[in-house]
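Colleague: Before I use this model, I would like to go through the terms applied to it. Please set each value against its cut-off.

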Amino acid sequence: MSDTSTLPETETLREKARACLGRIGATVVEGIGLSARSPITGDELFTIRPTSAAEADAAVVAAHHAFQAWRSTPAPRRGELVRRLGELLREHHADLAELITIEVGKIRSEAMGEVQEMIDICDFAVGLSRQLYGRTIASERPGHRLAETWHPLGVVGVISAFNFPAAVWSWNTAIALVCGDTVVWKPSELTPLTAIAADALLRRAAAEVGAPHEVHHLVIGDRAAGEKLVDDHRIALVSATGSTRMGREVGPRVAARFGRSLLELGGNNAAIVTPSADLDLVVQGVVFAAAGTTGQRCTTLRRLIVHTSVADELLERLVAAYTRLPIGDPFDERTLVGPLITTAAQDTMQDALDRAQAEGGKLLVGGGRRFANQPGAGAYVEPAIVRMSEQTPVVREETFAPILYCLPYETFDAAIALHNDVPQGLSSSIFTRDQQEAELFLSAEGSDCGIANVNLGTSGAEIGGAFGGEKETGGGRESGSDAWRAYMRRSTSTVNYAAELTLAQNVSF
Ligand code: NAD
């Protein structure tokens, strides 16, 4: 693996961030409290004053108040706000992507891709604003009409993770706004700059189309700020994206007050490689899914379940591909692997590698640190492949770093059993040219995940489908398809247009 370049200076990143924020029209309130860092150098760029408890409370009150009018604004007019947001995102595509690279360390094309996803969901939501359909159902009674109507839900509290600092917000916010809800957003404490920029674009969009800016509020803070939203009965839906640890706390707390939660939590995604697989496709798909975003996608490929007949050849090719991966400054066009988010994440990766080897694994490639002795360098790691003979405890956990565990299998049934034998259920894939295997993988007895792919990797979903996963991934669905229903409440109504009253189930009274 090669280092692409020397790393930029912190001052250069600070200037770049200032310039992007300036072009977007976003203001950073500097003050004591939250440290905005760049993983590229590991250094602080700004200290930001977090939202106070009183301000956060006022934001919820204002969002609740704004909801009373927003819910009655016709949905296609609500869509105009989202359409303008999409236009502003197109205009500031590169600026927002640059902030994402500075704050998260994503390589440029992935950061641009994240903003593209935001534009796509805005387009989707604008279309949706004219398609919030309910059903008409055949009534069992004569002269009766039975129908479902979807109404706005209320204030949506969005809690988001560091690794998709803007896209996850847009999946929730674009849909929630056209559904007639208002939003209070608590972004990750690791990515306040991107959040301030996204919020500024939405405010601008609101001003330009004459929508009330109170439909959206930003609460900058740590986990305690998130907990306030979780416990606030004025928040109808808490959409929380992050670790399973977080979801385990958030889910029961929201349920205790009979609120709704939409949980998008950790994954432990696997790909099955069968004897008929096209190995060229596998190598390309696996390297992107496992090492892309430095292993910091919820859909990152973490387990490769390979038929013993192709394991040696595939591993040899993957090791060769990993050896050529350019690691370094994510602004350098040649780089494919940027830094991990923090040095703590690097320690977690090292700890998992130690455990994997203690549990019988053989490290085939990677695992080392890069720029380790260079002052002003963030947490750069070599993506690793570990050959395991069985699915040991460390393999069954999500380690948010680029470690790919390879597991052999002999029979197709054993591969599926291994695949599903983890607590998480987000994304999955199979590489095969055998149609029967592909169909079995997608069937009820196949992958138990929310996302199941054939002949592509586990990451890089499109916004058109519903996104989310089962088991400890939380069961939530966001983004496309009919995921919008989570942001609305359903009202079933029966109208009697007959002259008499008929009771259901032939009851006479
Ligand atoms: P994290 O759980 O540390 O934090 C996520 C967010 O939750 C942050 O905003 C944090 O402040 C907040 N938070 C933490 N504890 C909370 C609590 N008790 N109450 C309220 N808010 C709380 O996650 P992270 O490190 O930022 O992100 C990485 C994790 O997110 C990985 O596990 C990854 O798989 C997951 N993720 C999942 C999806 C998905 O769609 N399934 C998408 C992106 C990331």
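Modeller: A residue is near a molecule or strand if one of its heavy atoms lies within 4 Å of it. The shell around the ligand holds 30 residues, and the closest are Lys 186, Glu 189, Ser 243, Glu 249 and Glu 398. The model is predicted: local features need pLDDT of at least 70, side-chain atom pairs count only at pLDDT 80 or more, and totals for chains, interfaces and linings use all residues. Numbering starts from 1 along each chain as its sequence is written, and side-chain values use heavy atoms, with hydrogens and water left out.

Colleague: What makes the ligand lie between domain 1 and domain 2?

Modeller: Domain 1 (10-265 + 474-490) and domain 2 (269-463) both give residues to the shell, so the ligand lies between them. The domain bounds come from an automatic or database domain assignment. The centres of the two domains, taken over C-alpha atoms, are 30 Å apart. Across the interface, 30 residues of domain 1 are in contact with 26 residues of domain 2, where contact means heavy atoms within 4.5 Å.

Colleague: Which polar backbone atom is 2.8 Å from a nitrogen atom of the ligand?

Modeller: One of Leu 265. A polar contact is a pair of N or O atoms within 3.5 Å; within protein, one must be able to donate a hydrogen and the other to accept it, and residues adjacent in sequence count only if both atoms are side-chain atoms. A ligand oxygen is 3.1 Å from a polar backbone atom of Phe 162, and a ligand oxygen is 3.4 Å from an N or O atom in the side chain of Glu 264. The protein covers 92% of the 850 Å² of accessible area that the ligand has on its own, by the Shrake-Rupley method with a 1.4 Å probe; for residues, only the protein chains shown count as cover.

Colleague: Phe 162 also touches Ser 188. Why is Ser 188 called buried?

Modeller: Buried means under 20% relative accessible area, exposed over 50%, and partly exposed in between (1.4 Å probe, protein chains only). Ser 188 has 7%, so it is buried. Ser 188 sits in the loop between β7 (182-186) and α7 (192-209). Setting aside residues up to four places away in sequence, Ser 188 touches Ser 160, Ala 161 and Phe 162.

Colleague: And why does Glu 9 count as exposed?

Modeller: Its relative accessibility is 56%, so Glu 9 counts as exposed. Glu 9 is in the loop between β1 (2-3) and α1 (10-24).

Colleague: What makes Gln 424 buried?

Modeller: Gln 424 has 7% relative accessibility and therefore counts as buried. This residue is in strand β19 (residues 424-425).

Colleague: Which side chain makes a polar contact with the side chain of Gln 424?

Modeller: That of Asn 268, at 3.5 Å. A polar atom of the Gln 424 side chain also lies 3.1 Å from the backbone oxygen of Arg 396. Gln 424 and Lys 471 are 47 residues apart in sequence, and their C-alpha atoms are 5.5 Å apart.

Colleague: Why is Lys 471 called partly exposed?

Modeller: Its relative accessible area is 38%, so Lys 471 is partly exposed. Lys 471 lies in strand β23 (residues 470-471). Its phi is near 55 degrees, a positive value in a residue other than glycine.

Colleague: What is phi for Asn 455?

Modeller: Phi is positive, about 60 degrees, although Asn 455 is not a glycine. Asn 455 lies in the loop between β21 (451-454) and β22 (466-467). With a relative accessible area of 30%, Asn 455 is therefore partly exposed.

Colleague: How do you know that Ser 428 is buried?

Modeller: The relative accessible area of Ser 428 is 0%, so Ser 428 is buried. Ser 428 lies in strand β20 (residues 427-431). A polar atom of its side chain lies 2.8 Å from the backbone oxygen of Ile 451.

Key. Helix = DSSP H or I, 4+ residues; strand = E, 2+ residues; numbered from the N terminus.
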